[in-house]
Amino acid sequence: MLAFVIRRVFQSVIVLLVVGLVAFSLFRFVGDPVENMLGQERTQADIDRLRAQLGLDQPFPVQYWRFLQNAADGNFGMSYRQGRPVTDLLIERAPATLELAFVSGLFALAGGIVLGIYTAIRKRGWLANFIMTASLIGVSLPTFLIGILLIWIFAVELGWLPSFGRGETVRIGWWTTGFLTESGLKALILPSITLGLYQMTLIMRLVRSEMLEVLRQDYIRFARARGLSERAVNFGHALKNTLVPVITVTGLQLGSIIAFAIITETVFQWPGVGLLFINAVQFVDIPVMAAYLMLISVMFVGINLIVDLLYVAIDPRLRADRAAAAK
Amino acid sequence: MNAIRRALDSDLGHSFRHSPVTIVAAFFVVVLFAGAIFAPLIAPYSPFDPATLNLMNGFTPPMEPNAFTGETFWLGTDDQGRDVFSAILYGMRISLFVGFAAVLLALILGVVAGLVAGYVGGWFDTVIMRVADVQLTFPSILVAMLIFGIAKGLTPPDMRDQMAIWVLIVSIGLSDWVQFARVVRGATLVERGKEYVQAARLIGRSPGAIMFRHVLPNVMSPVLVIATIGLALAIIAEATLSFLGVGAPPTQPSLGTLIRIGQGYLFSGEWWILFFPAMTLLVLALSVNLLGDWLREALNPRLR
Amino acid sequence: MTHPILSVRDLVVEIPTRRGVLRPVDRVSFDIARGEVLGVVGESGAGKSMTGTAVIGLIDPPGHIAGGEVVLGGERIDHLPPERMRRIRGKRIGMVFQDPLTSLNPLLRIGDQLTETILTHLGVTEAQARARAVAALEEVGIPAAARRIGSYPHEFSGGMRQRVVIALALAAEPDLVIADEPTTALDVSVQAQIIALLKRLCRERGTAVMLITHDMGVIAEAADRVAVMYAGRLAEIGPVAEVIARPQHPYTRGLMAATPMATAPGARLNQIPGAMPRLDAIPPGCAFHPRCPLAEAQCKTGAPPTVAGCGGRASCWVVAREAGIVAQGAHA
């Protein structure tokens, strides 16, 4: 078990180093940072001084190492466009994105598992068929269209919910939360559904196909042959076996919610990290892009790692195998 | 005629005839593709020729004569007096062009990488598959955005709008090659062990010839399935990027750009500027997706 | 014969497919007396397992019982509502599947799987169910049962797992156990132990067994009577000793000639030419006629009559003629 954990952590670090290299190359080679930082009136002396100050005269590996050190300290330099430290910008925007991702992840997970189980158990029912057809449309729909559709119905036509922004937020330390005010909670509804719907469809389809696969297994037939109730067979036996593989994919899906938040944040003008990133891409604000890339990779790699460990914790067979392998 | 009858009699044709949803989807795909290809012939106006635009025609609702000029537009006009119907036809042209080109790029990259990785193996295989793994950790739309940002940074500012379409193709293509590479590599590993490949090797055919003449035809059906589904994904990716403002520029609007423009008029009541491009994108993406789903079921039920 | 525990009459199972309706079980009739072991043999695809699955009511849709009846202890059970059929499964009919590796839920402790079954069918408390579970494991010969009850299936060997499966099937003391190839997936050295265990437990409790297998050796060792199936139909049924010594149906004769028997050491084994027809291509008349060395003209057209004799019966034109019966297309 320990050997397995160490190996996985090692792999994660490698991935982060590779991503760091990409982010650093971005930083270093896409657009000249010196050009970006100095104005039109500059002398060769200014340029040389800044190059030395930024360490750009050092060999490549040294620069890379320094970049990694800075990144680990949370120092990603200054935004070209806003002239403020990138780290400050990220910290300011993070709560909005994290709260949105949390609510939509919960929505996607709960909805996906419930609907997936329902459509698997009632395989031939009309409601299950309807849900499956609707889910195909859901997968084909681009996220931003769902957002626009929701805005059109609930904000423009019905006027029930706000169409942009976070509503009123409450500041707790450096964190700002929308959970504590009515307008903050209302503002969360449409963006969360928009962001979670696609993931929910995926989770639902996955749970359904896994559950159908499990229901075909011999041990399910044997459970039926022992006269266990449908409830015991479906929930006592099939569900647990279904969720083991589902956890992996679901974890990864939850990770991509953070990335897809870019789209939702743009549609709803949600003041999160994603909106910051897309503005950075539009204006080629390289330090912000690089920092976002590093931030999101840490998040993804972390989620991957947790998912893998969880997988081992749940399945007794793997637990035994790992234990045996570690000996 | 005979060829059509033969096609309908094959297994693929059989499952096609028995799936009404697929027939409807195929119908829409044919109509929309034709509309895009023949846009210059069909479109009543040339929406991007400033000389033909009349600002007086701005914000004309669908099927109603304009208050000032008396002109009528099927699907109305936008703020510039551009005919929405014509704009959709030309926009779809760009969307489909980017979609096809991006899939083609991803396909070529992925198939070559997968074939060589699977056939040659060794360090090349290891490197390719590691890169694929790392890239797969991230959603492809994010990768595409990133590549778009980098490419934009590398192009001179005054060239950016002209290059945008090509940058878009490269971004989406590079973000999607992994699927092809993985499937082709897997299939190649299987094919490599078979006797006909060993026989071809024994009679002294070069590795390149074996890969492309012998192995490739045998891995084509999964590639076809991935390409079809990939086309739907590429169309959506293009629309998403353009909608976010990091894709096709307003001078060469794709469906996504048109939706981005239309979103601004959602609250002021000019719904048609948004609605018709959005519906077109929806029907296009859904139809191609349904075709891909059908193809996957029909060609290879095991591929999921 | 006293009232049989299980009585199957003219059972037909059909599976509708795109290319027509298949009949994996076609007009099969047999009885099993209380405490009796009925062996069912045949090649794979002969309909043995499907017959067992039909009796316990677990045929996967779109397959279904299309005709005939299944009577358990005097009560028809073939068209019971699902909930009533569920109460019969496990409680009155138990079932043992072929592969012990896949028959147990890998994520649940075997003790939980046992107590769950006992609680479903017997009105006992949780603690009593636990105690019964331990007793059941002891009975099937699991050492240190009280401790192993908390183990997961992967911690047992194949033979031990099949013992657990048998404990599960017998947990609620059913009147009939359907054992579908219970030893096929096991090591040869373990097979005899499992058959002996099954036979002993069922004799002690008076449980009848429908023992489905393709292995005549297992039948000879464990069964009281044997039913021979071919292409979904019952070719012959009778006491084991009788069928082995004097097979009536030409298929049974071929089968015996192809089975190594302790009675004739060193004798040559013969094989039946050809292969059993696929379900979508069953020949008209007697399904066996294309491979039958004795086939006559009428075998190709009419369904063979069923002839009783020597404690059993066989469905065959040739046997009927030899027995001096002038039959008119009567069928089994």
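**The sheet in chain C**

Modeller: In chain C, four strands make an open antiparallel sheet in the order 2-1-4-5. The model is predicted: local features need pLDDT of at least 70, side-chain atom pairs count only at pLDDT 80 or more, and totals for chains, interfaces and linings use all residues. Residues are numbered from 1 along each chain as its sequence is written, while chains are lettered from A and ligands numbered from 1 in the order in which they are written.

Biologist: What makes strand 2 and strand 5 of chain C stand at the edges?

Modeller: Strand 2 (20-32) and strand 5 (75-76) of chain C each have a single partner strand, so one side of each has no neighbour in the sheet. Strands (E, at least two residues) and helices (H or I, at least four) are DSSP runs, numbered from the N terminus.

Biologist: How do you know that strand 4 and strand 5 of chain C pair?

Modeller: Pairing requires at least two bridges found by DSSP. Strand 4 (residues 64-72) and strand 5 of chain C have two bridges, in the antiparallel sense. Therefore they count as paired. C:L72 is opposite C:E75.

**Where chains A and B touch**

Biologist: How many residues of chain B are in contact with chain A?

Modeller: 30 residues of chain B contact 29 residues of chain A. Contact means that C-beta atoms, placed from the backbone, lie within 7 Å. Helix 7 of chain B gives the largest share of chain B's side, nine residues.

Notes
Two residues are in contact if their C-beta atoms, placed from the backbone, lie within 7 Å.
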